[in-house]
Amino acid sequence: MNDKALPDIAFRAVTKSYGEVTAVHGIDLAIPKGAFVALLGPSGCGKTTCLRMIGGFEEPSSGTVSIRGRDMAGIPPFRRPVNMVFQQYALFPHFNVGDNIAYGLRQARPRIAAAEIRQRVDEALAMVRLGGYGKRRIHELSGGQQQRVALARALVNKPAVLLLDEPLAALDKKLRTEMQLELQNLQRDLGITFVLVTHDQEEALSMSDLVCVMNKGRIVQLGQPSEIYDDPADLFVADFVGKTNLMKGIVAQAGETQAQITLANGASLAARTRSRLRIGQQVSVSIRPEAMRLGVTDGPSLQGTVHNRIFLGSTAEYAIEVSGVGMVLVAADHLTHEPALKGPGDTVSIGFAQGAPLAFASN
Ligand code: ADP
Ligand code: MG
């Protein structure tokens, strides 16, 4: 049998309640073997709870979690083919690096020979590029190095699945970017399934090959990063993932997958829709800042007044007040499409591509 076809991890109708609080509502999810999956959503949406149910630190209130086709109900963490890097990656401060990594192996029964433990610790240290650091004390290491020790500790017993709960949240921006690349490389080299929990949409989009967007205990969209970004399932995803402009309007005409929208300032535009909308329905229209062009008047456009020009190095952003609509953010690559530098008070037209606007029911 081709075990690639079998999902590595499967949730079936999984609900988890803590007394009155339902942390996870009826989740169905299949994670393919060898995938790098991100669980992405705001704080409190149930990401950690899902991860802990894979790891065996929580049991579902109802439904099943299976790994490689086997129902995990009642199976304790140390008997599951997974390992977890916790959000607070509590290392033992009084142990050196090698002893921290070896800890789990030394507890294993039947016993593992000391020489094998040593070899596996060295391999794990090499994987996280800390070769030769075995004798160092934890407090002698930087935050990034401690993070790598926590990773090595999770990798040392060769799990089939690695669970990572916001592993980079404590690191500064530069180090975080470096570790993001390293984690990607590590996952590719090891070929094991990674499930990463993060509330950082940039991190989810850049690192994973599958993003599972969660909101209020439910999965709202599962897809490749480009699908999530280009074709968000609803207003929540459009707003949460990436920057976008949301403009209120009313449906004037509705087709199967497109609609004509009248914005609050009376402007009319054609928008793509995920489902058929009703005439008269209130919607929010999303257009990404980078899908807009300054000074373009052929095709659909809006008129506005420049409020701020925000210099960002390789690009600039303009905050433009569109009367009746509000502030609209336009990204401009100043080498190719920032025709004449615009400053506060200048009037401009903002063009956008025919397919750029997306309309969502806003209830
Ligand atoms: P996230 O990781 O997305 O921030 P969590 O999975 O930690 O979210 O939490 C989801 C919800 O479940 C939150 O409302 C949280 O307060 C609640 N919750 C999580 N763990 C417990 C617990 N052990 N007891 C009670 N409520 C909990
Ligand atoms: Mg969490």
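Predicted model: local features only at pLDDT ≥ 70, side-chain atom pairs only at ≥ 80, totals over all residues.
Helices here are DSSP runs of H or I with at least four residues, numbered from the N terminus.

The shell around ligand 1 is made up of Tyr18, Val21, Ala23, Pro42, Ser43, Gly44, Cys45, Gly46, Lys47, Thr48 and Thr49. Helix H1 supplies the largest share of it, three residues.

| Residue | Part of the residue | Distance to an oxygen atom of ligand 1 |
|---|---|---|
| Cys45 | backbone N or O atom | 3.2 Å |
| Lys47 | side-chain N or O atom | 2.8 Å |
| Thr48 | polar side-chain atom | 2.8 Å |

On its own, ligand 1 exposes 560 Å², and the protein buries 59% of that. Strand S2 (21–31) and H1 are the elements giving two or more residues to the shell.

The buried ones are Lys47, Thr49, Cys50, Leu51, Met53, Ile54 and Gly55. Just beyond the helix, Gly56 adopts a positive phi of about 90°.

Our last stop is helix H5 (residues 173–190), where Gln180 lies. Gln180 is buried because its relative accessible area is 13%, under the 20% cut-off. Its side chain makes a polar contact of 2.9 Å with the side chain of Glu203. Leaving out residues up to four places away in sequence, Gln180 touches Leu168, Glu203, Ser206 and Met207.

Definitions and conventions
Residues numbered from 1 in each chain as written. Chains lettered and ligands numbered in written order. Heavy atoms only, no water. Buried < 20%, exposed > 50% of the residue type's maximum accessible area, 1.4 Å probe, protein only. Polar contact = N/O pair within 3.5 Å; in protein donor to acceptor, adjacent residues only side chain to side chain. Contact = heavy atoms within 4.5 Å. Near = heavy atom within 4 Å. Areas by Shrake-Rupley, 256 points an atom, 1.4 Å probe, with all protein chains shown as cover.
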